[in-house]
Amino acid sequence: MRRILVTSALPYANGSVHLGHLLEHIQTDIWVRFQRMRGHQCIYVCADDTHGTATMLLAEQEGVSEEELIKRLHAEHIADFNQFHISHDNYYSTHSEENQYYSNLIYTQLMDRGYIYTENVEQLFDPERKMFLADRNVRGECPRCGAPDQPGDNCDSCGATYDARELKNPVSALSNSTPILRNSEHYFVDLPKFTEFLKEYIHNGSQQPEIANKLNEWIEGGLRGWDISRDAPYFGFPIPDTVDKFFYVWMDAPIGYLASFKNWCTKNNVDFDDFWRRDSDCEVHHFIGKDIINFHCLFWPSVLHHSDFRTPLKVHVHGMLTMDGVAMSKSRGTFVLARTYLDFFDPDYLRYYLGARLTSNSSDIDFGSEDFVTRVNGDLVGKLVNIAARSEGFLAKNFDNKLSSELAEPALWQEFVDEAESIAAWYEEGDTRRVVRRVMELADRCNQYLANKAPWQLIKDADRRDEVQGICSMGINLYRTLIGFLKPIIPGLTERSEEFLNAGPLTWENLTQPLLSHRLGTFGRLLNRIDLKTFNKMIEAGAEKPLTDDAAEPESKSEDIQIDDFLKVDLRVARIVQADVVDGADKLLRLRLDVGDHERTVLSGIRSAYKPDELIGRSTVVVANLQPRKMKFGVSEGMVLAAGPGGSDIFLLAPDEGAEPGMRVT
RNA sequence: GGCUACGUAGCUCAGCUGGUUAGAGCAUAGCAUUCAUAAUGCUAGGGUCGUUGGUUCAAGUCCAACCGUAGCUACCA
């Protein structure tokens with residue numbers, strides 16, 4: 001028997017469970033249920049990720065303490081996951097004694113071994129609220145495209161990433177005051193010291209190949225120290241032997257896996273160290289989304305290894321969920337809460353649909369509304385449940401619900417049973433799409449069999465009644481095998497089927513033993529068909545702004561802009577007075593531009609199309625009010641306009657004769 | 001630009017370490033059937049496997065370049 005510990009990433013405690021969370025927890029739960037069905041010990045723990053500025057601010061906004069807030073959401077999360085049959089053994093919280101204990105322990109170990117250093121960091125500070133501002137809590141104009149009201153890490157409008165200090169006219173989202181720059185000492189994990197360790201670690205098979213490639217890219221690019229401290233006020237654990245320093249939420253979040261498990265161990269009398277000591281022969285599996293692989297595949301194993309814990313055996317990374325091709329995000333209002341979903345559909349539909357699409361790789365999964373309806377109706381109702389429904393009627397009417405004493409088609413039965421091991425292998429590697437595909441092929445075989453035998457014809461002939469019993473018993477037995485194969489994916493339907501089959505819970509072992517001379521329970525409708533209208537109603541219901549964290553984001557902009565928007569761009573005629581190759585750069589030219597009242601320097605990536613000499617003296621158009629951009633080779637004070645696909649096909653714009661430097665383009 | 005993926009029927013995708021006429025589901029058309037939740041079965045149309053080269057007796061499957069898409073990233077201003 002294998003001993004396996006499994007986790008899903010910790011949902012953050014400032015919002016409700018939504019379809020994105022469910023993708024991950026369903027994927028994990030399918031794997032967990034499969035392992036248990038195979039007879040292994042499989043402990044599945046999770047927790048709420050409670051710390052950080054976001055929780056603190058939300059609590060304040062709602063006028064409650066952080067503890068009250070996270071307690072409420074904790075209860076809500078547990079209820080939601082339960083409804084979807086997510087079988088956590090423990091759903092705990094990072095705001096717990098155990099977590100504080102392990103956070104301190106790990107930190108101290110790292111500190112004692114010289115893996116922690118401090119450095120001064122300059123950050124925006126809200127003078128009114130007397131606190132440093134996280135990137136998300138600063139808003140201002142994008143330094144690149146000038147879009148107003150953008151957060152401090154990247155621009156929603158042009159996608160640029162930048163430092164919060166680069167924002168133009170920054171404003172604190174908390175107090176609307178103007179932030180000032182201030183220094184603070186921060187604690188860093190010396191990640192570069194773990195480079196050699198990580199190089200080996202990522203090739204030990206603990207991640208999917210494409211993830212290992214990605215990690216390798218990051219490692220080769222050079223690791224940087226990881227800032228694990230935040231200044232007070234901060235909702236989190238104080239860092240030992242410091243004043244007003246707290247662990248950054250991402251430091252203690254993964255430690256929450258240990259804490260939740262420890263909490264479970266205490267209650268269930270299991271030795272924590274069996275699973276977490278260096279040479280443990282137990283298994284540890286993490287299921288995460290691809291957005292957090294750096295935390296789980298670089299930081300987390302490094303931190304564990306260098307504080308004497310074992311590293312995870314495997315990190316299973318899944319892609320992101322999109323809805324009808326559009327990224328799910330709060331700001332766009334395209335996401336569906338677990339609770340909203342439950343108002344309209346059975347949780348098994350979602351489990352089945354996602355199961356039918358999940359593979360062992362990390363590609364994104366699109367939730368297609370039509371696809372969803374088609375698969376549920378076609379596969380589950382039309383094919384699978386149909387087998388039971390069409391077989392059961394004859395048995396109930398004519399044979400008192402009793403199955404025949406032997407199999408009518410042993411060969412066909414064997415064909416189904418023989419699939420068990422390959423299906424198990426696909427579950428093991430997380431390729432549930434393949435499981436579902438194969439099971440549906442088998443369901444087709446079964447429907448073909450029933451169509452060929454046509455028991456509704458035979459039943460008219462009194463001499464052939466026994467044949468009918470045999471055929472329908474085959475139908476029921478095959479149905480039982482199929483539902484057994486899908487049990488980890490659709491536990492609700494399985495449970496109702498088990499009740500009808502009246503032979504106890506299905507296990508991987510007993511599903512290959514046919515039921516003979518067995519009396520069935522009463523058959524009720526197992527599953528209902530769904531329609532697209534209901535789906536659309538769900539989307540409408542979900543479109544109402546859910547009660548969550550982030551400040552309301554601006555509506556997504558239409559393609560058309562107003563004249564005012566255009567006028568914000570100060571386009572000027574400029575004459576190139578000087579042009580030089582930039583040493584060390586492949587694509588840049590340094591241009592000195594006469595813009596009428598003064599000259600300025602612009603770095604432009606047009607070297608592949610123009611020689612410096614042929615540019616001097618030419619007139620062109622420049623964006624004059626662009627925020628100066630610090631680049632590797634100097635500061636660029638504007639942008640010259642050019643068109644073309646790139647390479648040698650770049651064409652500089654030029655005004656007609658008569659235009660003088662400094663003239664505004666309107 | 002770099003990196004990592006991906007590009008197979010209208011749509012969603014299978015095609016494992018290269019090997020007979022490239023498969024499935026949905027959709028479309030026709031037929032059969034009525035036991036079953038307008039469920040099921042059979043049949044048909046539809047693909048120059050992104051493009052161009054190359055390796056090989058043999059390539060959707062390997063290699064290269066290019067085109068396109070996505071994510072990350074940069075000397076993209």
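Buried here means under 20% relative accessible area, exposed means over 50%, and partly exposed is what falls in between (1.4 Å probe, protein chains only). The structure is a predicted model, so local features need pLDDT of at least 70, side-chain atom pairs count only at pLDDT 80 or more, and totals for chains, interfaces and linings use all residues. Residues are numbered from 1 along each chain as its sequence is written, and side-chain values use heavy atoms, with hydrogens and water left out.

Starting with the overall picture, chain A has 21 helices and 27 strands; these are DSSP runs (helices H or I, at least four residues; strands E, at least two), numbered from the N terminus. Of the 666 residues in chain A, 53% are buried. Taking contact as heavy atoms within 4.5 Å, 73% of the contacts in chain A between residues at least 6 apart in sequence join residues at least 24 apart. The chain exposes about 30,000 Å², and carbon and sulfur atoms supply 46% of that; these areas come from the Shrake-Rupley method with a 1.4 Å probe.

On to the aromatic side chains. Rings of Phe, Tyr and Trp (its six-membered ring) pair if their centres lie within 6.5 Å, with planes under 30 degrees apart called stacked, over 60 edge-to-face and the rest tilted. A search of the whole structure turns up 34 such pairs. Take Y353 and F372: their ring centres sit 5.5 Å apart with the planes at 90 degrees, so this pair is edge-to-face. Since Y353 belongs to helix α11 (residues 347-357) and F372 to helix α12 (residues 369-399), the pair ties together parts that are 19 residues apart in sequence. Y353 is buried, at 0% relative accessibility, and F372 is buried too, with a relative accessible area of 0%. Both belong to a cluster linked by ring pairs, made up of F84, Y341, F345, Y349, Y353, F367, F372 and F535.

Helices α7 (249-268) and α9 (293-305) each supply at least two of the lining residues, and α9 gives the most, with four. By type, the lining comes out as eight nonpolar residues, no polar and no charged, where Ala, Val, Leu, Ile, Met, Phe, Trp, Tyr, Cys and Pro count as nonpolar, Asp, Glu, Lys and Arg as charged, and the others, Gly among them, as polar.

S87, in the loop between α3 (66-83) and β3 (90-93), counts as buried at 16% relative accessibility. Leaving aside neighbours within four places in sequence, S87 is in contact with D29, V32, R33, R36 and Y44. S96 lies in the loop between β3 and α4 (97-112) and is buried at 8% relative accessibility; with neighbours within four places again left aside, S96 is in contact with F237 and A259. In helix α2 (residues 53-62), the buried residues are T53, T55, M56, L57, L58 and A59, and their cover includes α3 and β5 (131-132). Just after α2, G63 takes a positive phi of about 70 degrees.

Terms used:
Chains lettered and ligands numbered in written order.
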